[in-house]
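Open the model in your viewer and get ready to select residues. We will go stop by stop.

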Amino acid sequence: MGIFRRNQNKDQDTMTKLEESARTVEQILANIGIDPVTARMQVQAGYGWNFQRGSALIEVYVTQEERGYLQVLSPIMHLPQTNLLPLYRKLLELNLQLTNASVGIHEDVVYVFNERPLDGLDPIEADTIIRKLAIYADDFDNTLVEEYGGRLYGQG
């Protein structure tokens with residue numbers, strides 16, 4: 001009986017942390033002028049929001065995988081058909097310069113992203129992650145498309 005109680009308490013602690021983190025994200029969104037209710041997305045597990053920052057779509061998730069995670073990502077561009085090597089080099093160089101974010105490619109789409117466990121995450125760090133990633137995504141999307149080709153994410 002004691003074993004089951006420990007597992008229940010652990011699940012309750014994780015849910016509490018998840019809900020607390022979701023409330024924190026909604027406060028951060030409100031502070032940057034985004035209506036958190038309008039920004040909410042239906043997600044399979046956890047919580048999700050999306051909003052526009054300039055031409056970039058920003059997605060924020062609070063998920064409960066093995067342990068809780070804050071995921072912030074922005075699909076910024078579809079890869080061009082040519083000129084890939086210089087773009088790949090630029091993305092690697094950007095990775096070295098970014099704070100609280102990375103760039104990567106998934107299914108021929110370039111993303112700016114951050115994933116961090118909820119353990120030890122405080123509201124100031126969450127705010128920094130969301131704000132910085134949104135700025136990076138909006139700054140990089142048009143610049144990369146203009147310089148290397150491809151097209152902005154979400155454009156035919």
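**Stop 1: helix 4**

Select D127 and R131: the pair sits in helix 4 (residues 123-148), four residues apart, about one turn of the helix. Keep in mind that this is a predicted model. Now show the side chains. D127 and R131 form a salt bridge. Their closest N and O atoms are 2.8 Å apart.

Is D127 buried or exposed? D127 counts as buried, because its relative accessibility is 18% and the cut-off for buried is under 20%. Turn to R131. R131 is partly exposed, with a relative accessible area of 35%.

**Stop 2: helix 3, the charged pair**

Next, select helix 3, residues 84-97. Pick out R89 and E93. These two are four residues apart in helix 3, so about one helical turn separates them. Which kind of contact do E93 and R89 form? They form a salt bridge. The closest N and O atoms are 3.0 Å apart.

Colour the pair by accessibility. R89 counts as exposed, because its relative accessibility is 58% and exposed means over 50%. E93 counts as partly exposed, at 35% relative accessibility.

**Stop 3**

Y88 is partly exposed, with a relative accessible area of 33%. Together with Y88, they form a nonpolar patch on the surface. How much accessible area do L85, Y88 and I105 have together? The answer is about 300 Å².

**Stop 4: helix 1**

Move to helix 1, residues 2-31. Select K17 and E20. Both lie in this helix, three residues apart, about one turn of the helix. K17 forms a salt bridge with E20. Their closest N and O atoms are 4.0 Å apart.

How accessible are the two partners? K17 counts as partly exposed, at 24% relative accessibility. E20 also counts as partly exposed, at 38%.

**Last look**

Zoom out. How many salt bridges does the count come to? It comes to six. Among them are D127 with R131, E93 with R89, and K17 with E20.

Methods: Residues numbered from 1 in each chain as written. Predicted model: local features only at pLDDT ≥ 70, side-chain atom pairs only at ≥ 80, totals over all residues. Heavy atoms only, no water. Patch = residues over 30% accessible without salt bridge, like charges linked within 9 Å, V, L, I, M, F, W, Y side chains within 5 Å. Areas by Shrake-Rupley, 256 points an atom, 1.4 Å probe, with all protein chains shown as cover. Salt bridge = Lys/Arg side-chain N within 4 Å of Asp/Glu carboxyl O. Buried < 20%, exposed > 50% of the residue type's maximum accessible area, 1.4 Å probe, protein only.
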